[in-house]
Amino acid sequence: MVWAARQREIGVVTEIPIPHDPNFLRKGMVALVGAGPGDPDLLTVAALKALWAADVVVHDALVSPLILALIPAGCEVISAGKRGGNPDSTHQADICDTLVALAQANRRVVRLKGGDPFVFGRGGEEASRLAEEGIPFRIVPGLTAGIAGPAYAGIPITHRLVNANVAFVTGHESAENSGFRLGEAEQDGSRVDWETIAQTFPVLVLYMAMKNLASVSQRLMAGGRSAETPVALIQWATTPEQRTLVTTLGRVVQDVASCDLKPPVIIVIGEVVRYREALAWFADVTVQPGG
Ligand code: SAH
């Protein structure tokens, strides 16, 4: 891992005083905690309190190493990330079983998830299971990648001169990365009406959209969006590994193929992307097509 070196290079701060509040997470309780997109500075005070109080942390593959490094020594850490790169619904059930078993064993449990636990993160399912089992829980919201990611790329997702709304949409790439998966009926992503979205929302923020990028960009253009619409792809946003590619709807597929961008990637589509040119402030890497 080159994290530590890059971190020093670009000055990411990780020495955060952790507030100690033993009552934040009682024995036999689960906190579903959003870890934010990666930069430890974006953890909430509540997330830090939960981590400090925990005696076991069950985390996703999407939680960055910089955040995992903040888990106090002596706390048990269970990785519930991708299993052989191919998690399925049984895996999700296993995670819920694990949370239930740990809580029933009277542990103080943190379920640590990337971004916000209720944004494309299956936090809803996990909370429902805990509620069914009568296990006390709390939700600690986190900064979602679709908000913090563009901000770190110098892209305001709303701008008074551009848009009065913004859509957060799943492109359903997820099986590999996040454990997120649509229900049986929506396995092909057909729940998303891209043509209507193209016409309704000036700015789109796409999660898990790398795998289906060709069909998504095609359908947005079929729905009336110009091939010249600016598109930004932000890989590992807010971390020392952040890399940003700016392209257009018409060129995005070929440019991505030439750039080797790897998930997790958040995608912003719309005129707000143009502000990056003036507003890029974070020392991320701007990726050139072919590079
Ligand atoms: N609960 C998370 C989203 C989980 S879905 C949140 O609120 O952010 C997984 C998708 O989130 C990834 O495929 C990617 O599109 C996006 N994502 C999460 N973290 C990211 C990061 N650091 N950089 C870029 N994209 C990220």
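This report describes a surface patch and some backbone features of a predicted model.

## A nonpolar patch on the surface

Three residues, Leu143, Ile147 and Phe168, form a nonpolar patch on the surface of the predicted model, and together they have about 220 Å² of accessible area. Leu143 belongs to the loop between strand 5 (137-140) and helix 6 (145-152). Because its relative accessibility is 32%, Leu143 counts as partly exposed, a class that lies between the limits of 20% for buried and 50% for exposed residues.

Pro263 and Pro264 are joined by a cis peptide bond, for which omega is about 5°.

Asp260 has a phi near 60°, which is a positive value in a residue other than glycine. With a relative accessible area of 47%, Asp260 is partly exposed, since residues count as exposed when this value is over 50%.

## Trp236, between strands 8 and 9

A positive phi in a residue other than glycine is also found at Trp236, where the angle is near 40°. Trp236 is located in the loop between strand 8 (230-235) and strand 9 (243-248). Although Trp236 is in a loop, its relative accessibility is 17%, so Trp236 counts as buried, given that the limit for a buried residue is under 20%.

Key:
Residues are numbered from 1 along each chain as its sequence is written. This is a predicted model: local features need pLDDT of at least 70, side-chain atom pairs count only at pLDDT 80 or more; totals for chains, interfaces and linings use all residues. Side-chain values use heavy atoms; hydrogens and water are left out. Patches are made of residues with over 30% relative accessible area and no salt bridge: like charges are joined within 9 Å, nonpolar side chains (Val, Leu, Ile, Met, Phe, Trp, Tyr) within 5 Å. Accessible areas come from the Shrake-Rupley method with a 1.4 Å probe; for residues, only the protein chains shown count as cover. A salt bridge is a side-chain nitrogen of Lys or Arg within 4 Å of a carboxyl oxygen of Asp or Glu. Helices (H or I, at least four residues) and strands (E, at least two) are DSSP runs, numbered from the N terminus. Buried means under 20% relative accessible area, exposed over 50%, partly exposed in between (1.4 Å probe, protein chains only).
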